[in-house]
Amino acid sequence: MAGYLLRRLLQVLVTLFLFVTLSFFLIQAQPGDYSSFYSLNPKLPPEVQSRVRAQFGLDRPLGEQYLLHLKNFATGNFGVSFSHYPQSVLEVILERLPRTAALFLTATVVSFYAGFFLGKMLAWRRGGWVEYSATISGVALFTVFTPWFALMMIWLFAFKLGWFPLGKFLDPLVWRNAPVSANQVFGYMLFTGAAIAVILFLAMLLLAQLGLRRRGWLPAAVAIICVASAVIAWAGSGVGYLALDILKHMVLPIATLTLISFAGTMLLTRNSMLETLREDYITAARAKGLPEKVVRDRHAARNALLPVVTSLVFSLAFAVDGGVITESVFSWPGMGLTLLDAVLSEDLPLAMGALVFVGLLALVAHAVADVLYVYLDPRIRYQ
Amino acid sequence: MRVIWLWLALVALALSITIGCNKSPVPSPTGITPPQTQAVAQGGSKVYKLGVFSDLTTTNLWTLYGSGPDNTVWNLYVLAGGHPSLYGYSDQRFDWIPSLAEGFPTPLKEETFQGRTVWTAEVTLKKGVQWSDGKDVTGDDFVFTAATVQDLQLTSNWVSIVDPEFFDHAEALGPHRLKVAFKKKPGLSIWQFGIAFMPIMSKAYWEPVVAEAKKQGDLPAIQKALFSHAPQNEPTAGGFAFKRREKGAFAEKVKNPGYYFAGSVVTEYENGAYVEAKPGVYSFSAYGEPSGAKALEYTTGPFVDGVIFSIYGNQESAVLALKKGEIDFLLNPNGVQRGLLEQLQGQPGIATIENAANSYRYLGFNFRRAPMDQKAFRQAVALLIDKEFITRTVLQGAAIPAYGYVPPGNVFWHQPKIPEPGKDLNRADRVAQAVQTLKAAGFTWETEPRMGRDGSFVEVRGKGLRMPNGELVPDMELLAPSAGYDPLRATFAIWIERWLSEVGIPVRANLTGFNVIVERINNPNGFDMWMLGWSLTNYPDYLEAFFHSRHAVADGLNRGGYANPEYDRLASQLLVETDMQQAKQIAGQLQLFLAEDLPYVVLYTSPVLEAYRSDRLKFPYTDTLDGIQDLSGMTTAVVVE
């Protein structure tokens, strides 16, 4: 296993190098450079444009610029963003990452859970109207024109019914005198979510070791204690009302993202379940007289989980990349819009920084998925 | 059993959130609320809510004007009005009027300073104008600001404000008396419309910051240190103080209770006179005898306690927010899209506005290539382009046909006698006049174009067009933005290709990326015709920058290479002219030159369409060049119900 992991690490590094190189030359292949945007300002003479080029190193030969980017990448210093000068690339990414991660990670998890649950049900009750309607509506939503659908959701639930805010991630009137920044609150929220997940995972492992996992009330009690502790901690923090405001703003984009994307997981789970249901051990489980619910949830669904978890891990990696359409329609400026603006304006350091960041996460996710296979399916062993 | 636990968990969760979300008092950390704004009431305070479409990238005015990338209209919307300047523009008419200055400056005078000749002017400042930290705004603040720009060699927009080629030094002759010295005699664009418009920074606040930055070593490091500074509690002399920025969400300014101009009354008369007065404090009058009918009268505020700039990711959501009353007005340099504006028209509590933009889109010719170097050819092209047809029939009023090189909305500088070639001609007459113009210049056809009997279409297309020297007119390319970038210009390009081809002018519209066009036209010999646009300033010194032959170099703004010695002479004169009326006359002559020589065919300008909550807001006026967005939403004059 250790040898395999080392080989995987080497593959990751080589792939990352190729990715960085390709990204750099693809962005450079666009006509013009960052200073082009100043060439139409009559108040900026050509000398100023030349200074802008020199300031950002755009007057250097392409090879030199490439080597500089490789050096920056190797040292973890992505340089200064052109379009947010004099902010560093890392500062820009760290500013946008928490709000993107909070929205898209939550949406990804919710969407996968909804998709997995529905997929499981569809495979179990084949041929009924539930299967047909869920499949048709799922596929219809999966293929709907996203900007239109998102705007319709806003129009219906925020404008007409007034149930949710009209986009954005906070209400300025609530935040006018807030003692902390939204990014801090996002950070705390992410930390809370991660802490609950880790504690629950460890608790489940412990319960399994102690042989108490099958006692249904124990896992539920652990979950309640975790969540209640977190909520009490928020209650005492004095900024709970700010987190609630953010949560209120998250509902509509998460619902939209879930509706748009749950069908993928649903169909994947359904197909995987259908294959699993043909296995002998399912027949054996039924023959043992186990209740149908136990056969479905503990024998079939768990074995059908493998491709779904792999897909989830990859999706989580790309969740930090955000989504241009969602961010734009829901006025939730994050990594997606940052990357798009950086590429369009040829803000090379920022574009490279954002791409490398996402690329690195994607490669790590692939490696993590490989390791997860071993954990989830004891039959798999790497040499 | 598990279900019961889950229900219990949900109830506990809901209870805890409810308890946790009861807002508990938390002390405000230092640096968020400026001391001068703490008196502003939060509950029930009047807030002017504006929608914007991009985040602030800086709150530092040095950076806004100095770093280049931060010089965005979005930053300007928020930061505008916080720093005083000696002079400014009057409302609607754009007369040059005193702001911090008490009156007009003394005439320029030649004198000797430290053994060299300089040109100087003196200005008296208003007494009693204060920063929000209670200190007086003095000549020292002006001297400090100009000297910092000069010492740190700040570039970008600071160069056009404090032109190092002209500015020598500034000197405070007393707390409220100032002398500005120039290395050579400055024109209006350098003095009256240049450094006199410079935003003045508080010396007390910025001097230590600049001193600290200067310790950084070389110039780029010093500039970077200055630009990196995020101001905390920076004093303001404007109507509002910057309070808070929540990245990606909103920015907020709060009322400056000590705003000097609050309560002053501005009156503009139809005869051109301008009067501004605050009873018992100051009074100013200019541009004629204030008598007869009044064109405008309003009292300066602020009439609101705060201004919130909320960020929206797209116009559709912002328009819904406006309809719902979440915001009062949308700030956008491009205004509201016509389709969305139509949705807003007739909505209760919402009013819409349409103003001309201080900008135009044009078709440019490369004078280095034939036949673009021939006036008759350019005139024929101008005749063939039916701007009225495209703007009215094809674009359904999304654009306004334009002819002048200074937009008519810029009333003071626009030349009203500018010819309008082809305006209101029918297709047959356009073609006939274009053919006649080309023939008169010696162009010939193998097959001359001929109109159909009803005169609405070309029945026989022109073929084999030859230039006066007998050579065939080569195939030409018209570079224009693609529909994805600008559908209006793309539409114009397609129609121009069609009309020119009909009479035998072999042109192909190449709809391409903005960057591709910029790169191509930066190479003097790499293009034939191109279509781009300009956003313009009020003072038309761009007539020199766009068309003087000294700018006809690679990366220069005279991309077409237009060269006319008489035009050059007049344009150079405009730059050094010190008399407003003389400058106006020169600008008028320059516009007539351009209309004759046609280095550009000015095509159209886009109207700035705006909408606001008329049930909450009262603006003193809504007719203004570039719309209310150009005045950053008129925060110090708007009345919020």
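Helices (H or I, at least four residues) and strands (E, at least two) are DSSP runs, numbered from the N terminus. The model is predicted: local features need pLDDT of at least 70, side-chain atom pairs count only at pLDDT 80 or more, and totals for chains, interfaces and linings use all residues. Residues are numbered from 1 along each chain as its sequence is written, while chains are lettered from A and ligands numbered from 1 in the order in which they are written.

The setting of β4(B) is an open sheet of four strands in the order β4-β5-β7-β6 of chain B, with antiparallel pairing. Two strands pair if DSSP finds at least two bridges between them. Strands of a sheet pair through backbone hydrogen bonds, either parallel or antiparallel. The edges are taken by β4 (109–113) and β6 (167–174) of chain B, each with a single partner strand, so one side of each is left without a neighbour in the sheet. From one strand to the next the twist averages 35°. Axes are lines fitted to C-alpha atoms, for helices over the stretch in contact, and angles run from 0 to 180 degrees between N-to-C directions. Helix α4 (residues 139–151) of chain B packs on the sheet and touches β6 and β7 (177–182) of chain B, its direction making about 160° with that of β6(B). Contact between two residues means that their C-beta atoms, placed from the backbone, lie within 7 Å.

The partner of β4(B) is strand β5 (residues 116–124) of chain B; five bridges join the two, which run antiparallel. One bridge pairs B:T112 with B:T117 in β5(B). The two strands form a hairpin with two residues between them, and B:Q114 in the turn has a positive phi of about 45°.

Chain B also has an open sheet of six strands, in the order β18-β24-β17-β23-β21-β22, whose pairing is mixed. Here β18 (400–401) and β22 (507–512) of chain B stand at the edges with a single partner strand each, so one side of each is left without a neighbour in the sheet. Strand β17 (residues 359–365) of chain B is joined to strand β24 (residues 600–605) of chain B by four bridges, and the two run antiparallel. Within this pair, B:R361 stands opposite B:Y604 in β24(B). Helix α13 (residues 487–502) of chain B lies across β17, β21 (476–481), β22, β23 (529–535) and β24 of chain B, and runs at about 165° to β22(B).

A loop residue of chain B may be followed next. B:F443 lies in the loop between α12 (427–440) and β19 (450–451) of chain B. B:F443 is buried, with 22 other C-beta atoms within 10 Å. Leaving aside residues up to four places away in sequence, B:F443 touches B:L438, B:L465, B:R466, B:M467 and B:P468. B:F443 and B:F377 are 66 residues apart in sequence, and their C-alpha atoms are 8.8 Å apart in space.

Chain A has 15 helices and zero strands. Its C-alpha atoms fill a box of roughly 85 × 55 × 45 Å along the principal axes, and 36% of its 383 residues count as buried.

In chain A, the axes of helix α8 (residues 182–209) and helix α9 (residues 217–237) come within 10 Å and cross at roughly 155°. The two helices are therefore roughly antiparallel, given that angles under 35 degrees count as roughly parallel, over 145 as roughly antiparallel, 65 to 115 as roughly perpendicular and the rest as oblique. Residues in contact include A:I196 and A:L200 of α8(A) and A:V222 and A:C226 of α9(A).

Another helix of chain A is α14 (residues 335–344), whose buried residues are A:M335, A:G336, A:L337, A:T338, A:L339 and A:A342. These buried residues pack against α4 (89–124), α13 (324–329) and α15 (348–376) of chain A. Just after α14(A), A:E346 takes a positive phi of about 55°.

Note on methods: Buried ≥ 20, exposed ≤ 12 C-beta atoms within 10 Å, placed from the backbone.
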